[in-house]
Amino acid sequence: MTVLPDAVRGADSVLISGPPMSGKYDLFNRLLAAWSDGPVVISTGRTAEKVRDDYEGLTGGDGDDVVVIDCVTHEQGDKREDTPTTKYVASAGNLTDIGIKFTDVVESSAGRDRAVGVYSLSQLLMYWEPERIYRFTRVMTSQTSGEGWPFVGVVGSTAHDEQVVHTLHEPFEVVVETRVDDDDREFRVRGRVGKPSDWQPF
C-alpha cells in the first residue's frame with residue numbers, strides 16, 4: 001500500500017480530484033484514517049452504515065469511530081433520529097442543514113482530534129452553482145482549520161467543466177490528482193506553487 005506523502009498528510013486541507021474509478025474514495029478513506037482515529041464524514045451519496053463498512057474495509061480502522069453526517073437516509077424515506085455519531089440531513093442539497101449538523105459535531109467533540117471529509121463535492125454541484133459550493137468549501141476549510149482539524153474534499157474531474165474544478169482547487173492547500181493508466185491507479189500531488197509531483201501507483 002502506497003502511503004500518501006508527507007506533503008499530503010501534513011496539509012491542513014486536501015482536494016482529491018480525478019475521473020471515475022481512479023481510486024479517489026480509497027485515498028479519501030486512507031487519508032482520514034492517517035489523520036485521525038475519529039474522523040467525520042459528510043456523506044452525500046452513501047448511508048452512514050455504508051460509510052462505516054467502507055472505512056473498515058479500506059483502512060482496517062473501526063467504523064464505529066467514524067462520525068457521519070448522512071445526507072442520504074432521510075432522502076430515501078427512512079426518517080431516523082440523530083445519534084451522537086450519526087447526524088441526518090434531508091438531502092445533499094441542504095447546505096444550511098449540513099452546516100448546522102457539522103456545528104453540532106464540533107460542539108460535541110471538545111478535546112477530540114478529528115479530521116473531516118466531504119464525499120463528494122460533485123454531488124453538491126448537482127444542486128448548486130459552483131460559486132455556492134466554492135463558498136461552502138471556504139467556510140468548511142476555515143471552520144475545520146479553526147478547530148485544528150485537517151479537511152479533505154473529493155471532486156470528479158470529468159463530471160464538471162474544467163473551470164469549475166479549477167475554482168474548487170483554490171480553497172485547498174494541496175490537490176491530489178488521480179488517474180487510471182493501463183489499469184493501474186496512480187496519483188500525483190500538486191501544491192499551490194511549483195510543478196506537480198510525478199505520478200505514483202497505489
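1. On a 1 Å grid over the protein atoms alone, a pocket is an open set of points with protein on both sides within 12 Å along at least five of seven lines, a cavity is a set where a 1.4 Å probe fits but cannot get out, and lining residues have an atom within 4 Å of a point. Grid points are joined across faces, edges and corners, and a volume is the space filled by probe spheres set on the points. Do keep in mind that this is a predicted model, where local features need pLDDT of at least 70, side-chain atom pairs count only at pLDDT 80 or more, and totals for chains, interfaces and linings use all residues. Residues are numbered from 1 along each chain as its sequence is written, and side-chain values use heavy atoms, with hydrogens and water left out.

2. Strand 1 (13-18), helix 7 (162-169) and strand 7 (174-181) each supply at least two lining residues, and helix 7 gives the largest share, four residues. Helices (H or I, at least four residues) and strands (E, at least two) are DSSP runs numbered from the N terminus. The lining divides into three nonpolar, six polar and three charged residues; here Ala, Val, Leu, Ile, Met, Phe, Trp, Tyr, Cys and Pro count as nonpolar, Asp, Glu, Lys and Arg as charged, and the others, Gly among them, as polar.

3. What about enclosed space? A search of the whole structure finds one cavity of 30 Å³ or more, and the largest cavity has a volume of about 40 Å³. Tyr25, Phe28, Val41, Ser43, Arg46, Val51 and Tyr119 line this cavity. Helix 2 (24-35) and strand 2 (40-43) each contribute at least two of its lining residues.

4. Ser120 sits in the loop between strand 5 (116-119) and helix 5 (121-124). Most residues other than glycine have a negative phi, and most peptide bonds are trans.

5. Two residues are worth checking for phi. Met21, in the loop between strand 1 and helix 2, has a positive phi of about 65° although it is not a glycine. Asp182, in the loop between strand 7 and strand 8 (184-190), also has a positive phi, near 50°. Met21 counts as exposed because its relative accessibility is 74%, and Asp182 is exposed at 69%. Buried means under 20% relative accessible area and exposed over 50%, with partly exposed in between (1.4 Å probe, protein chains only).

6. Phe102, by contrast, is buried at 0% relative accessibility. Phe102 belongs to helix 4 (residues 95-108). Beyond its neighbours within four places in sequence, Phe102 is in contact (heavy atoms within 4.5 Å) with Val40, Ile69, Val116, Met140, Gln143, Thr144 and Trp149.

7. Finally, the overall picture. The chain has seven helices and nine strands, and buried residues make up 50% of its 202 residues. Its C-alpha trace spans about 45 × 35 × 35 Å along the principal axes. Among contacts between residues at least 6 apart in sequence, 65% join residues at least 24 apart.
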